[in-house]
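The sequence and the structure come first, and the description follows.

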Amino acid sequence: MEESHGLISFDALFRHATIGILVTDGRGRIILANPFLLNQFGYTEAELVGERVEKLVPSRFGHRHEQHREKFHQHPRSRPMGVGLDLFGVKKDGTEFPVEVSLGTYNNTRDGEFVIAFVSDISYRKESENELKRLNAELEMKVAERTESLSDTVRKLGEQMKEVQAKDTELQRMNSFLSSIWNHAEAIIIATDSNGIIKLFNPTAQKQLGYTAEEVVNKHSLTLFHDPQETAERAALFSTQLQQEVAPGFDTFVARARLNLPSEHEWQYLAKDGSRFPVTLTVSALRDGDGLISGYLGIAIDISERKKAENELRVALEKERELNELKSRFVSLASHEFRTPLSTILSSTFLISRYKRAEEQEQREKHTQRIVSSVNMLTDILNDFLSVGKIEEGKIQVRYADFDAQQHVGNIIAEMQGLRKEGQQVTYVHEGNARLHLDPALLKHIVMNLLSNAIKFSPPGSVIRVSTTHDGRRFTLRVQDEGAGISKEDQLHLFERFFRGSNVDNIQGTGLGLHIVAKYAELMNGGITCKSELEKGTTFTVIFNL
């Protein structure tokens with residue numbers, strides 16, 4: 001009598017589930033299909049049972065699907081099918097629709113190997129994904145087509161299953177078979193009574209949620225695995241959609257199923273250890289012979305891998321958009337910034353060719369120096385672009401070393417003396433321990449960029465003050481000038497790529513230098529700040545946490 005009750009429970013799950021359930025044998029023939037799946041594909045049971053599973057796969061994938069099915073049969077294991085790929089089913093009328101499939105296997109010594117598949121129609125979800133792809137059409141990256149195989153079923157088992165319905169002696173075998181499906185399904189399966197108390201809790205649920213069946217059966221509601229805040233938000237949404245009050249709690253999960261409406265939504269499941277993972281949860285109402293609700297069935301499939309793939313796609317699209325923007329800005333800026341030094345080189349080259357007498361050597365040297373200066377300017381621009389490209393691609397490597405910071409910074413300042421305007425002075429002081437453990441090359445780039453900016457934007461005769469401090473925990477670099485200053489509005493965008501202050505349009509520059517300085521400082525566990533007032537000068541402070 002107890003076995004009969006168990007069979008009826010599994011049969012109720014099988015027949016009343018609002019998710020497609022399919023059982024196949026090792027040769028790919030269908031032996032069981034629940035009513036929901038038959039309705040999904042538009043077949044009657046007689047039309048589908050005994051047919052090869054490829055009947056439900058678009059013909060263009062049929063040959064490939066057979067190969068995948070054979071591979072799965074050789075190495076069977078319970079898992080989602082086609083992670084990272086797009087799967088499709090084909091209805092009786094030839095209509096194709098996207099599906100999500102979860103596979104589980106069952107080995108029966110007497111009858112061979114069987115596969116249980118849960119099939120979800122994800123057309124609505126795919127429409128949302130396609131909308132995202134349409135919005136990013138120019139940047140869309142194709143995700144590899146998701147295909148995995150369903151294992152098949154033999155015709156012999158189909159005949160044996162028909163005999164089960166006619167012979168009472170087959171009842172025990174059927175119960176064992178359905179119990180194996182319950183135990184090996186990859187999906188989380190939870191059945192409750194009409195009040196939401198858990199009555200059935202399959203092994204996959206125990207494994208993924210971390211609870212034993214003894215801990216939850218007859219003790220807890222389905223709400224145990226849900227975030228109360230998410231449940232309350234979804235209850236408010238369902239209240240609006242259904243135009244009736246949906247109370248936060250168990251009612252939130254069954255409100256649609258109670259009205260015989262599709263109830264498949266994404267949720268965050270909470271495991272016993274506090275971890276979270278996303279699932280698609282399908283809830284179905286279980287009804288007795290009189291049509292009254294006797295309980296509810298929840299089937300949840302872990303979609304962590306799919307979510308990860310979606311996030312990777314979004315990141316890739318955003319990265320591609322940023323790179324395209326960088327290319328566009330480079331072309332625009334290059335056409336502008338290259339024009340002046342190239343014009344200088346062209347004119348100076350022409351004039352040099354005109355100075356042929358010995359007494360005109362001074363003019364020749366003057367224009368030669370102009371050419372050298374213009375070439376250096378072009379080199380600096382290209383180096384800035386190369387640095388930004390390496391930063392975006394994550395190819396900048398920090399090479400830490402011990403060195404004398406005071407001597408290192410002093411040498412950099414000495415190298416840049418030739419850039420000073422008439423009467424400009426650069427002073428430098430250091431406090432604390434001179435030994436430092438940082439990347440000397442990246443630090444040199446930071447000092448050169450900040451000092452060259454101070455020289456460029458400060459008037460002749462002004463004083464530029466450079467100081468460094470090492471207190472054992474932090475190394476601080478400060479560059480102070482008496483230049484034009486930076487407005488409060490411009491300071492908000494100072495470290496963005498290609499940004500240039502509104503008061504320096506007449507001075508050449510790429511708008512990349514401070515962006516690079518900020519990124520280099522960040523790579524060495526540091527940060528940069530700016531303090532400035534218009535016409536009163538600017539102070540940049542870079543602090544490295546040691």
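## A buried aspartate

The backbone nitrogen of Leu442 lies 3.2 Å from a polar atom of the side chain of Asp439. The model is predicted: local features need pLDDT of at least 70, side-chain atom pairs count only at pLDDT 80 or more, and totals for chains, interfaces and linings use all residues. Residues are numbered from 1 along each chain as its sequence is written, and side-chain values use heavy atoms, with hydrogens and water left out.

Asp439 is located in the loop between β14 (435-438) and α16 (440-457). Helices (H or I, at least four residues) and strands (E, at least two) are DSSP runs, numbered from the N terminus. Asp439 is buried but has no salt bridge, and the nearest side chain of opposite charge, Arg399, is 5.8 Å away. Here, Lys and Arg count as positive and Asp and Glu as negative, while His and the chain ends are not counted. Buried means under 20% relative accessible area, exposed means over 50%, and partly exposed lies in between (1.4 Å probe, protein chains only). Leaving aside residues up to four places away in sequence, Asp439 touches Gln397, Val398, Arg399, Tyr400, Phe403 and Met524. Contact means heavy atoms within 4.5 Å.

## Salt bridges

The structure holds 15 salt bridges, each being a side-chain nitrogen of Lys or Arg within 4 Å of a carboxyl oxygen of Asp or Glu. One of them joins Asp251 to Arg258, with the closest N and O atoms 2.7 Å apart. Arg258 is partly exposed, at a relative accessible area of 32%. Another forms between Glu266 and Arg306, where the closest N and O atoms are 3.1 Å apart. This pair links distant parts of the chain: Glu266 belongs to strand β9 (residues 264-270) and Arg306 to helix α12 (residues 304-337), 40 residues apart. Glu266 is partly exposed, with a relative accessible area of 29%, whereas Arg306 is buried, with a value of 8%.

The side chains of Glu482 and Arg465 also meet in a salt bridge, at 3.3 Å from N to O. Glu482 lies in the loop between β16 (474-480) and α17 (488-491), and Arg465 in strand β15 (residues 463-470); the pair, 17 residues apart, links distant parts of the chain. Glu482 is partly exposed at 36% relative accessibility, and Arg465 is partly exposed with a relative accessible area of 38%. Salt bridges that share partners join Glu100, Glu266, Arg306, Lys307 and Glu310 into one network.

Strand β7 (residues 188-193) is mostly covered, with 6 of its 6 residues buried. In a regular strand the side chains alternate between the two faces of the sheet. In β7, Ile188, Ile190 and Thr192 point one way and Ile189, Ala191 and Asp193 the other way, and all are buried.

Two strands pair if DSSP finds at least two bridges between them. β7 pairs with strand β11 (residues 293-302) in the antiparallel sense over 6 bridges, and Ala300 in β11 is the bridge partner of Ile188. β7 also pairs with strand β8 (residues 198-201) in the antiparallel sense, over 3 bridges, with Thr192 opposite Ile198 in β8. β7 and β8 form a hairpin with 4 residues between them, and Gly196 in the turn has a positive phi of about 95 degrees.

Conventions:
A polar contact is a pair of N or O atoms within 3.5 Å; within protein, one must be able to donate a hydrogen and the other to accept it, and residues adjacent in sequence count only if both atoms are side-chain atoms.
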